[in-house]
Amino acid sequence: MANDNKLYDSDGREIVLKTDQLCIQFGGLKAVDHVNLEIKKGELYGLIGPNGAGKTTVFNLLTGVYKPTSGRFYLCGEDLTGKPPAEVNKKGIARTFQNIRLFNNLTVIENVMVGLSNQIPCSIFESVFRLPRHRKSEREYYERALELLKVFKLDEYKDHLASNLPYGKQRKLEIARAMATNPTLLLLDEPAAGMNPNETQELMDDITFIRKEFGMTILLIEHDMRLVSGICEKLTVLNFGTELAKGDTAEVLNDPEVIKAYIGE
Amino acid sequence: MDFLVTLINGLSSGGTYAIIALGYTMVYGIAKMLNFAHGDIIMVGGYAMYVTLMAMGHPVIAVCAAAVFCMILGIVIEKVAYKPLRGASPLAVLITAIGVSFLLQSLAQIIFGSSPKMPLKLQISGAVTIGAMRIDYSTILTLAVTVIIMVALSVFVKYSKTGRAMVAVSEDRDAALLMGINTNRIITITFAIGSVLAAVAGYLMLCKAPSLSNTLGSMPGIKAFTAAVIGGIGSIPGAMVGGLLLGVVECISYSIPALAPFTDAVEFSILIIVLLVKPSGILGKMRREKV
């Protein structure tokens with residue numbers, strides 16, 4: 001789709017996500033307070049901060065679950081503020097969840113096929129009467145889902161129920177399902193939560209791989225500092241809803257303010 | 001042989017319950033509400049058939065017209081009465097559904113009067129005799145329609161984009177939204193399918209006994225709801241199993257002289273027993289509350 005509003009930074013790199021003074025207030029609590037993010041194409045950006053800092057709230061704002069009290073956000077220059085979640089997803093922002101939320105009664109491959117829903121056209125009329133396009137599109141769903149599963153090495157589990165997968169694989173399946181919606185920007189909410197060191201390493205490899213393979217722009221929330229310092233290029237640190245620091249990963253992690261917020265004085 | 005006939009009759013009337021129960025269970029699974037006006041859609045379908053018969057004459061056209069009319073009615077009810085209450089307390093939605101039920105019954109009474117109508121053209125009389133067994137044509141038709149609907153619906157849910165989206169929405173509406181699924185549309189489709197099934201059930205009831213009043217759908221509605229709960233509300237195979245089981249129990253109870261007067265009581269006792277033994281229903285899943 002042609003989009004003439006695309007934003008570029010001073011070096012001419014395309015800006016995929018820009019938030020402009022994003023705020024949300026719940027009663028008297030400013031959960032997210034004037035947050036300005038700028039994420040460039042292909043970047044892996046980390047959002048960190050102590051518990052309750054408002055990280056997941058930022059994700060909920062960026063996916064349309066919450067409407068911001070003030071401020072706006074733009075995907076590739078297009079204003080998506082206030083759009084409902086399904087619409088935001090179609091425009092190109094997909095996410096995973098802090099607590100895994102797969103469709104447990106569907107099989108592994110069906111979960112990915114649900115994510116593909118908007119990618120392959122087929123109306124309910126065609127499905128009900130099983131017209132030729134229904135069969136064609138069903139085959140296409142299946143094949144594209146299988147391709148994605150292969151990327152995440154989940155294809156051997158394709159007919160298992162999602163709930164029967166081991167934990168680490170469920171996390172991967174969530175990423176695969178989000179990738180199926182063909183996003184421009186992928187939001188990962190604590191992808192390494194509850195993983196053992198081996199699984200975390202595998203996850204880091206996967207994230208690096210999808211960045212390379214799909215040129216994906218990724219924003220992730222994470223507490224695992226090994227993962228953050230290992231793969232994130234840039235960071236924003238949130239504390240009580242406000243930006244405490246931002247910039248290159250190594251610099252930010254050595255910032256005395258950040259260290260103070262994390263481990264106290 | 002008598003028992004076999006009873007069983008076949010039971011499966012047949014159970015089939016009708018199952019078709020109605022599918023409407024309850026799908027709407028519950030996806031919109032998380034009990035649509036107590038569902039039984040009255042059957043009645044509206046009956047009147048739609050009656051009116052079409054008056055105007056055009058042919059039963060097949062009447063059934064098609066009723067299906068279309070009920071589908072539109074189901075969609076309109078959802079949009080007007082239930083959609084504004086999305087996110088409201090379940091009690092408010094439940095009471096609204098009961099209100100819609102009364103509204104439909106009263107409207108039918110105002111328009112068509114309170115004396116029953118007899119759309120005799122819908123009746124299918126006659127029976128086939130196999131050996132010592134005598135089975136009504138209407139029973140055979142009901143069984144056939146039930147099987148077709150069950151198979152078609154299962155295939156639709158399992159092997160179509162919309163079907164998968166329905167399962168996804170029933171499981172986690174918010175996650176489905178975030179995967180780009182238009183949940184409002186899925187809910188509308190669910191109401192449409194449920195209402196068409198109600199119209200079909202209405203025809204199956206009238207082809208056995210063509211007597212039409214504004215409370216036509218009340219008792220079958222309650223029994224089908226019972227069937228849906230017995231099978232595990234929210235579960236499509238559960239509604240099928242629950243409906244068939246209830247129908248068979250009903251016919252067996254009728255065939256035993258001592259139990260015949262208490263048939264309804266016997267049926268609802270099944271509900272109580274199932275709920276005592278397995279509160280989530282035969283095929284229902286236990287939801288463990290996370291602490």
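Predicted model: local features only at pLDDT ≥ 70, side-chain atom pairs only at ≥ 80, totals over all residues.

Analyst: Helices here are DSSP runs of H or I with at least four residues, and strands are DSSP runs of E with at least two, each numbered from the N terminus.

Of the 291 residues in chain B, 51% are buried. Among contacts between residues at least 6 apart in sequence, 75% join residues at least 24 apart.

The two strands may be taken next. Strand 1 (residues 127–130) and strand 2 (residues 133–136) of chain B pair in the antiparallel sense, over four bridges. Within this pairing, A127(B) stands opposite D136(B) of strand 2. The hairpin formed by strands 1 and 2 of chain B has two residues between the strands, and G131(B) takes a positive phi near 60° there.

The packing of chain B involves a core that also draws on chain A. The largest nonpolar core has 158 residues, and those touching the most other members are A176(A), A21(B), M49(B), A66(B), C70(B) and Y203(B). Helix 8 of chain B (residues 183–208) gives the most to this core, namely 16 residues. In chain A, domain 1 (1–92 + 184–265) and domain 2 (101–182) both give residues to this core, so the core lies between them.

Apart from neighbours within four places in sequence, A21(B) is in contact with A224(B), A227(B), A228(B), G231(B), A239(B), G242(B) and G243(B).

Finally, there is the side of chain B that touches chain A. Here 19 residues of chain B are in contact with 27 residues of chain A. On the chain B side, the elements that give two or more residues are helix 6 (161–171) and helix 7 (173–178). Helix 6 of chain B gives the most, with seven residues. By class, this side of chain B has eleven nonpolar, four polar and four charged residues.

Key
Residues numbered from 1 in each chain as written. Chains lettered and ligands numbered in written order. Core = buried A, V, L, I, M, F, W, Y, C linked by C-beta atoms within 7 Å. Buried ≥ 20, exposed ≤ 12 C-beta atoms within 10 Å, placed from the backbone. Domains from an automatic or database assignment. Contact = placed C-beta atoms within 7 Å. Nonpolar A, V, L, I, M, F, W, Y, C, P; charged D, E, K, R; others polar. Pairing = 2+ DSSP bridges.
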